[in-house]
Amino acid sequence: MLKIEQQVSLQPFNTLALSSFAENFCRVGSENELREALAWAHQHRLPVTLLGGGSNVVLARDLSGLVVHMAIPGIELMSEDQDRRVVRVGAGENWHQLVLNTISQGWFGLENLSLIPGLVGAAPIQNIGAYGIELSQRFLSLEAIHLATGEQVVMDASDCQFGYRDSVFKHSGRDLYAITAITLALSSKMELCLEYPALQKAVERIGASELTPKQVSDVVCAVRRSKLPDPKDTPNAGSFFKNPVISAERAEYLHQQHPDLVTYHQADGREKLAAGWLVEQTGWKGVMQQGVGTYQDQSIVLVNCGGTATALLELASDIQASVASKFGISLEIEPRVYR
Ligand code: FAD
Ligand code: EPU
């Protein structure tokens with residue numbers, strides 16, 4: 001039976017540990033419970049906000065209406081042919097546990113995405129990516145329920161319009177669907193992707209000639225732990241800004257002015273800049289003000305050490321202003337801000 005509670009603190013449900021209350025809150029562990037929750041919200045004419053692990057949200061206000069914590073479980077091998085393993089996963093599974101589970105089963109392809117916080121259902125929202133791999137490269141389809149009509153839809157990768165930290169769910173599909181499951185194409189063959197410089201360095205240090213996917217996962221975890229604060233100790237939402245992608249001409253011009261500019265060449269000819277470098281150059285790295293700040297080892301990770309959402313968003317906008325004034329680049333905020 002679905003339990004709907006009133007005035008629930010969302011502080012334990014967001015990794016920035018911001019203070020916010022849900023007017024109504026429920027946890028759904030099945031598609032039926034989700035339908036029940038949506039019917040209840042519909043009947044009371046209340047808006048619905050979906051929450052996974054709360055690791056990519058800025059809760060800058062209380063959430064009126066119904067907050068639905070997506071907890072639908074399940075990891076299922078749907079088919080295996082030759083090397084391919086097709087795996088369907090419920091939206092409520094923990095992403096990192098999924099990665100470890102697939103590696104232990106001998107289903108490979110997710111190792112570079114180890115230790116990304118949050119739940120499976122949110123992974124398509126920004127097409128999670130790290131260390132040279134994006135979800136879109138392993139993605140086959142997702143199942144979702146249209147919040148307003150209750151209709152079930154299945155979307156493939158082209159429907160999702162994946163891009164760098166981007167998908168249809170940030171544009172025309174924003175707040176329209178509850179993702180209930182995703183289906184991934186993994187492999188029983190080890191095809192490791194070790195091109196990312198930080199991975200290469202770590203792998204060279206280990207000196208192993210042939211790594212296993214589990215070893216790659218361990219290396220990724222170690223690199224991540226050395227760079228990113230654990231939200232349990234230092235509340236944060238990962239990168240607060242996206243890395244800006246600009247034209248090759250613009251990058252060349254900036255390069256002339258700033259010879260140390262960090263750029264990554266993109267397949268479409270454009271250049272991605274390291275937002276961390278831009279922020280560090282404007283002097284914001286390691287700065288703390290009003291209980292919020294930038295992490296001392298990674299300047300685009302904003303941390304909350306007892307501050308407020310207002311202070312956090314003020315800091316973000318001060319950083320954006322500095323980077324715009326020094327480089328003429330506008331930094332886009334990565335997490336979803338509920339103002
Ligand atoms: P939430 O924060 O709960 O939700 C995010 C958005 O998705 C919200 O708008 C919510 O309404 C919506 N949503 C959630 N679940 C569903 C659903 N089932 N259906 C429809 N909408 C839904 N991201 C990366 O890409 N790469 C990284 O390397 C990375 N590193 C991180 C490191 C740290 C320390 C932290 C704190 C975050 C990091 N992130 C990274 C960001 C974050 O982990 C991902 O964006 C993750 O996918 C968010 O999952 P979540 O369940 O916490 O989503
Ligand atoms: N840098 C600095 N100063 C800093 C931080 C970074 O100069 O304070 C420069 C360095 O040159 C460094 C480069 O920026 O080599 C890149 O930094 P890093 O390797 O830490 O990666 P990132 O580009 O900042 C991105 C993702 C991360 C993801 C890592 C690994 C974005 C916005 N962030 O970070 O994702 O884990 O690459 O692939 O694309 C997230 O989205 O929340 C997230 C953590």
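Hi everyone, let's start with the layout of the chain: the domain assignment gives domain 1 at 5-70, domain 2 at 75-187 and domain 3 at 236-338. Please keep in mind that this is a predicted model.

I'd like to look at how domain 2 and domain 3 meet. Their C-alpha centres lie 27 Å apart, and six residues of domain 2 are in contact with six residues of domain 3. The area buried between these two domains is about 590 Å², with carbon and sulfur atoms giving 35% of that. Which residues of domain 2 lose the most area to domain 3? They are Tyr164, Arg165 and Arg174, and together they make up 67% of what the domain 2 side buries.

Now for the polar side of this meeting place. Between domain 2 and domain 3 we count two salt bridges, along with five residue pairs in polar contact. On the side of domain 2 that touches domain 3, the residues divide into four charged, one polar and one nonpolar. Arg165 forms a salt bridge with Glu334, where the closest N and O atoms are 3.2 Å apart.

Glu334 also takes us to ligand 2. An N or O atom in the Glu334 side chain is 2.7 Å from an oxygen atom of the ligand. Tyr196 has a polar side-chain atom 3.3 Å from an oxygen atom of ligand 2, while Gly276 places a backbone N or O atom 3.3 Å from a nitrogen atom of the ligand. How much of ligand 2 does the protein cover? On its own the ligand has 830 Å² of accessible area, and the protein covers 83% of that.

There are 23 residues around ligand 2, and those that come nearest are Tyr131, Tyr164, Glu280, Gln298 and Glu334.

Notes. Residues numbered from 1 in each chain as written. Chains lettered and ligands numbered in written order. Predicted model: local features only at pLDDT ≥ 70, side-chain atom pairs only at ≥ 80, totals over all residues. Heavy atoms only, no water. Domains from an automatic or database assignment. Contact = heavy atoms within 4.5 Å. Buried area = accessible area lost by both parts, 1.4 Å probe. Salt bridge = Lys/Arg side-chain N within 4 Å of Asp/Glu carboxyl O. Polar contact = N/O pair within 3.5 Å; in protein donor to acceptor, adjacent residues only side chain to side chain. Nonpolar A, V, L, I, M, F, W, Y, C, P; charged D, E, K, R; others polar. Near = heavy atom within 4 Å. Areas by Shrake-Rupley, 256 points an atom, 1.4 Å probe, with all protein chains shown as cover.
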